[in-house]
Structure formats: C-alpha cells, structure tokens
Amino acid sequence: MAFAEVALGQIRSLRQAAVPRNYEVWYVYAAGYNCSLNRIINETLARNGTLSEVDLEQIYDTYLSPIRTTECIDKVGARVINEIDEVMLLITGARSMTAGFGDSLREAARKLGGAGNPAQIKSVIAALMTSTLEMQEANRVLEDRLELSKVEINNLQHSLEAIRAESMTDPLTGLGNRKYFDRAVADAVALATSEGEPLSLLMFDIDHFKSFNDNYGHLTGDQVLRLVAMSLKQNIKGQDITARYGGEEFAVVLPSTALNQALTVADHIRRAVMAKELKKKSTGEILGRVTISIGVSMLRPGDTPDSLMERADACLYAAKRSGRNRAICETDPEYFAGAEIRVA
C-alpha cells in the first residue's frame, strides 16, 4: 500500500494520466527493484523537471513491457531471415553464372573442333579468357559476401544470447531470476540422475527482511538484497548455480555435492553475510548486521525438482522456527520435528 501511495502521489504531483501504464512505472519506481528504471527516471527528472508522455512510454517499453523481449527476438530473427535471403539470391546468381560458364566451355570446345586457322583459335581463346575472368570475379564477390554474412550472423547470435541472458537475470542483484532457476534446477536434476552424481540444493531467505523495509525504507531493503547477492557471488564458484528465487528468498544448486559438503557451503554463505555491517547510504547510520536462514536438501532416487525444492523449503522453515541465522538439513532433528507438526 505504501508503494501504491507513492505511485499515485507521483502521478498527481506531475499531473499525469492515471492509466495502468503510468501507475506501473511509478509503482516499480517506488518498489526500487529495477535499478535501471529508477536511474533513467531520476536523470530525466533532474534534467527536465518532469516526465512527458513520450518519456513514460519510452521508459515503459524499454524497462517494463512484457513483449519487449519478444520484440527484440523478432527483430533479430527478421535480420537473420533477411541476411539468409540476400545470401540465397547471391548463390542463385552464382549458380546461373556457373551454368553460363559451362555453356561457354561447351561452345568453345565446339568452335575449337571446327577451327581451321590460328585467327579462329585465337578468337575462341579470347572468349574463354573473358568468361573465366568473369567467373573469377563472381566467385570473389560471392566469397566476400559470404564472409560478411558470417560476421553478421555471428553478431546476431551474440545479440540473441544477450537478450536471453537479460531475460534470465534479476536486475537488482545480477543473479539469475526465477525463470533461470527453474530451468537450471530441472537440468541439474536430470543430469545428476542420469550420471548417478550427488546434487544438493540450498534455499534461504533474509531474516526479518520486512522490518528493514518498514523501518528504513525500500532503498535500504534493496541494499540488503544486494549485500546478500554479493556474498553469494563471493562464496559460490564453478558449476554452482545461484538465483534470486523471489522477494528476499534465494537458491543455490550444488552439482556433485553431497549433503555434508552442502552444509559447509551453506554455513560459509551464512557467515559471509553476517560478517558485513549494513550502513544506510543516505545518512551513514549503522543499521547492524544481516542474517539468513538456510534449508539444505540432497537429491534422492525418484526425486523431481519440485520434491527436492519442497524438502529444502521445509528445512528453511525449520531453521526459522529454531531461531533463525542457521542452516538446517533434512537429516537434522529440527527438520523431523517440523514434519511431525505438519502430520499432526
């Protein structure tokens, strides 16, 4: 409701139309999770003192539109198709040139068979030379164009990869988003099952996160999320997979990692987060330390991604019930106590 009030307040103060698009822009701005959107709005306001309808439309299309990624992919796809069409036309022309050269060779052979003097032979050879040079030039043009197409298609491939990466990344923390995590954990479970390798999953969230937002504002809440994400990046290496699962909840997939090792990793992350002191940027006020609770599960025979996540989530809630700022795995008594409560 606080975010909604800020959004409506901005619409009123800037005398903008109270339409869903404008509300969404200002709501996201108030929530603060889209850093790029906030930055461009602040820069535009500092420069112009307001946001025009054109500004709002451009910001929405660039940072919020649900069809933005689809449109980008469509544009790149259209360029690929256009490039292929141009190359096919060039190849068709080269095939016609080759056929014509073949006809020239056959005609030259016929004339040489009936040539009765040096002048006639010289004329046939001159014609052959001309045809050969034309063929060489056509081949050169084709090779150059194919090389350019190779470079262009390679650039387009990089563009598609960048679009895909953007669609899978959480803009606030730089970690993978929920969409990325869902795909990654499914792939990791399938691979571990097929190869008989261990696989562990950490699910954790920030203790008392709501109080940070309520007491210090959403910008401080964003700082907390980035602090946790930074700790994750510093403690997760190689093939391990990290993601912001949603809100203040994060997930880590640990391939080729047994339960005890996963608990060690979890505790390293927990300690790394707790070691950082949180400071409010605007005032320099020390706000204390952030703690996290972690649930740890390991892949069992017959597991699906959902069942693996369900046990990790249950362990997470067991960690919270047990006082927070700890890691609980599915072999700990606290997890079984929680299971007994659910059964009861």
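**Close-up views of a predicted model**

**View 1. Helices H8 and H9 cross at roughly 145 degrees.** The axes of helix H8 (residues 209-216) and helix H9 (residues 218-235) come within 7 Å. The model shown here and in the other views is predicted. On the H8 side, the contact is made by Phe 209, Phe 212, Asn 213 and Tyr 216. These residues meet His 218, Thr 220, Gly 221, Val 224 and Leu 225 of H9. Sorted by class, the contact has five nonpolar and four polar residues, and no charged ones.

**View 2. Helix H9 has 18 residues.** From its first C-alpha to its last, H9 reaches 26 Å, close to the 26 Å expected at 1.5 Å a residue. Buried residues of H9 include Thr 220, Gly 221, Val 224 and Leu 225, each of which also takes part in the contact with H8. Further along the helix, Leu 227, Val 228, Ala 229, Ser 231 and Leu 232 are among the buried residues. Asp 222 and Gln 223 of H9 are buried as well.

**View 3. Five strands form an open sheet with mixed pairing.** The strand order is S2-S3-S1-S6-S7. Strand S2 (241-246) and strand S7 (327-329) stand at the edges; each has a single partner strand, so one side of each is left without a neighbour in the sheet. Direction ignored, neighbouring strands are turned against each other by 20 degrees on average. Helix H10 lies across S1, S3, S6 and S7. The angle between H10 and S6 is about 165 degrees.

**View 4. Strand S1 (residues 199-206) is largely enclosed by the rest of the structure.** Leu 199, Leu 201, Met 203 and Asp 205 point one way from the strand. Ser 200, Leu 202, Phe 204 and Ile 206 point the other way, and these too are buried.

**View 5. Strands S2 and S3 form a hairpin with two residues between them.** Gly 247, in the turn, has a positive phi of about 60 degrees. The two strands pair in the antiparallel sense over five bridges. Although S2 is an edge strand, five of its six residues are buried, so S2 is largely enclosed by the rest of the structure.

**View 6. Arg 271 is found in helix H10 (residues 259-275).** With a relative accessible area of 48%, Arg 271 is partly exposed. Arg 271 and Asn 325 are 54 residues apart along the chain. Their C-alpha atoms are separated by 9.1 Å.

**View 7. Thr 44 lies in helix H3 (residues 35-48).** The relative accessible area of Thr 44 is 4%, and the residue is buried. Leaving aside residues up to four places away in sequence, Thr 44 touches Gly 49, Thr 50, Leu 51 and Asp 55.

**View 8. Cys 315 and Cys 329 are in no disulfide.** A disulfide is counted when two cysteine sulfur atoms lie within 2.5 Å. By this rule the model has zero disulfides. For Cys 315, the nearest cysteine sulfur is that of Cys 329, 6.4 Å away. For Cys 329, in turn, the nearest cysteine sulfur is that of Cys 315. Cys 315 counts as buried, at 0% relative accessibility. Cys 329 is buried too, with a relative accessible area of 2%.

Note on methods:
Residues are numbered from 1 along each chain as its sequence is written. This is a predicted model: local features need pLDDT of at least 70, side-chain atom pairs count only at pLDDT 80 or more; totals for chains, interfaces and linings use all residues. Side-chain values use heavy atoms; hydrogens and water are left out. Buried means under 20% relative accessible area, exposed over 50%, partly exposed in between (1.4 Å probe, protein chains only). Helices (H or I, at least four residues) and strands (E, at least two) are DSSP runs, numbered from the N terminus. Axes are lines fitted to C-alpha atoms, for helices over the stretch in contact, and angles run from 0 to 180 degrees between N-to-C directions. Contact means heavy atoms within 4.5 Å. Ala, Val, Leu, Ile, Met, Phe, Trp, Tyr, Cys and Pro count as nonpolar, Asp, Glu, Lys and Arg as charged, and the others, Gly among them, as polar. Two strands pair if DSSP finds at least two bridges between them. The expected span of a helix is 1.5 Å times one less than its number of residues.
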